[in-house]
Amino acid sequence: MEEQKAPSGEAPKPAPKGKGLWIGIAVVVIVVAVLLAAVFAGVFNPSAVPEDSILRIGTVLTLTGTSGLEVFGPKNQRGALLAIEEINAAGGVLDRPIAVVNEDDTGVDSVARDRAQKLVTTNKVDAILGAVGSGKCAAALEVTKPNQVVQISASCTSPVFSDLTYTGGWFFRTAPSDALQGVVAANYAYTNRSLRTMAVIGNNNPYGRGLANVFAVKFAALGGTITHVGTFAEGAVSYSSDLQTLLTPLPEAVYMAEYPTDGLKIMRDWAANSAWSSVQWIFSEGVLEQAGFIDKLVQQGIDPAPFQGSAPGAYLGIVGSLYDGFETRYKARYSNEDPGLFTANAYDAIYLLAAAAEKAGTATAAGIAAFIRAVATPPGSNVTGGQWAQIKAAIAAGGDINYEGASGAVNLDALGDPLSGYAIWGIDALDKITTLELFDEATVVRLISGS
């Protein structure tokens, strides 16, 4: 198109005074608006920014259902969210807030797998915290392992996960393996209680099978006799026939690895048969729940006083001074609620994921997997939860960190497992859970080695 010229003899008219200035201002305003839109699009729509710049965490926890694990899951989720809030308030990971998506597995293995699949394929998470129970962890691992997504659990304790061939190196946990608990419980039963004939039962999932087998093998190695090792189906209406098999011939005692819901049914059916009244019981930490198990035994007319159990020491409040700060922050955030079991472990798990991504310099599963042990174990500056600014500064300065958790040292070994001390719990005169004996980490190591 030709340029339009002014009529002959007529000079071009100058632009109105100030018009050029306003045009310039308008252009600047438009540019700023575009830039702000881009920034806010990145904040409110994480998919609009590069995949490796935002740490995306999903949780698969038992929040509802009837498995018995729902007594733990909600508090575990709150512990994880507390950690995320603290980290985001202190600058986030790689200077961006953590994005989190929470899912409820309802206490069902297949649902845990489906929720993990959704988190991986739809939400594109880099890591999943979960699940609460080992069967659910195994179901989620069917998704996380082939998709090379990090999975970390605060409470899945089955020995099956202490196997890199099985996990592919994508599974970590802040709760110790039951390979430790089974050894401690067997030693306590044989040495401290002088029991010589025992039966062993576990629920029919990786947790129950794994812990029951470790206990049975160790008890036999010490010289005891195992009369029967069984697994009970989850969710049965009655366990009377299973108990008949388990208690024939009648042993001195039973070691039981169960969750509260089925554990209550088993104890109800046991108490209903007077021929079994002489049998003593030692439980695992799976039923270490005052309101969800012990109080309900009392309501069923069962005296819990003779019962004892094993558990990682942290679950019985045998923790270091770092737990106190976590507990104070948790209660301040959640209306003075007691954190309960596994919650500090969930809190620590989030900090490990965040620190590993910060150390890697990239919010990816591969980066987290490569650096999570480095930030969890010595050497390095000791840091803990609530100190995200210090953690970021130490990493930015090129130094190493050693995260010391609210739940314990969380020094992860090559299999992704932490070490732990263990305790034996019992029931006091008021029908409340109490700690009877403690096996510190050095003692646990000695018992495992057999020295």
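Visitor: Hi! Before we look around, what is a disulfide?
Guide: Hello! A disulfide is a covalent bond between the sulfur atoms of two cysteines. What you see above is a predicted model, and a search of the whole structure finds 1 disulfide.

Visitor: Nice. Which residues form the disulfide?
Guide: Cys137 pairs with Cys156, and their sulfur atoms lie 2.0 Å apart.

Visitor: And where in the chain do Cys137 and Cys156 sit?
Guide: Cys137 belongs to helix α4 (residues 134–144). Cys156 is in the loop between β4 (150–153) and α5 (164–167). The two are 19 residues apart, and the pair links distant parts of the chain.

Visitor: Is the link right-handed or left-handed?
Guide: Right-handed, with 90 degrees about the S-S bond.

Visitor: Is Cys137 buried or exposed?
Guide: Cys137 is buried, because its relative accessible area is 0%, and the cut-off for buried is under 20%. Cys156 also counts as buried, with relative accessibility of 0%.

Visitor: Okay, new topic: helices. At what angle do α9 and α10 pack?
Guide: Helix α9 (residues 260–271) and helix α10 (residues 290–299) pack at about 20 degrees, and their axes are 9 Å apart. That angle makes α9 roughly parallel to α10, because angles under 35 degrees count that way. Their crossing is right-handed.

Visitor: Which residues make the contact?
Guide: From α9 there are Pro260, Gly263, Leu264 and Met267. On the α10 side you'll find Gly292, Phe293, Lys296 and Leu297.

Visitor: How many of the residues in that contact are nonpolar?
Guide: In the contact of α9 with α10, 5 are nonpolar, while 2 are polar and 1 is charged.

Notes: Residues are numbered from 1 along each chain as its sequence is written. This is a predicted model: local features need pLDDT of at least 70, side-chain atom pairs count only at pLDDT 80 or more; totals for chains, interfaces and linings use all residues. Side-chain values use heavy atoms; hydrogens and water are left out. A disulfide is a pair of cysteine sulfur atoms within 2.5 Å. Helices (H or I, at least four residues) and strands (E, at least two) are DSSP runs, numbered from the N terminus. Buried means under 20% relative accessible area, exposed over 50%, partly exposed in between (1.4 Å probe, protein chains only). Axes are lines fitted to C-alpha atoms, for helices over the stretch in contact, and angles run from 0 to 180 degrees between N-to-C directions. Angles under 35 degrees count as roughly parallel, over 145 as roughly antiparallel, 65 to 115 as roughly perpendicular and the rest as oblique. A crossing is left-handed if the near helix is turned anticlockwise from the far one by less than a right angle, and right-handed if clockwise. Contact means heavy atoms within 4.5 Å. Ala, Val, Leu, Ile, Met, Phe, Trp, Tyr, Cys and Pro count as nonpolar, Asp, Glu, Lys and Arg as charged, and the others, Gly among them, as polar.
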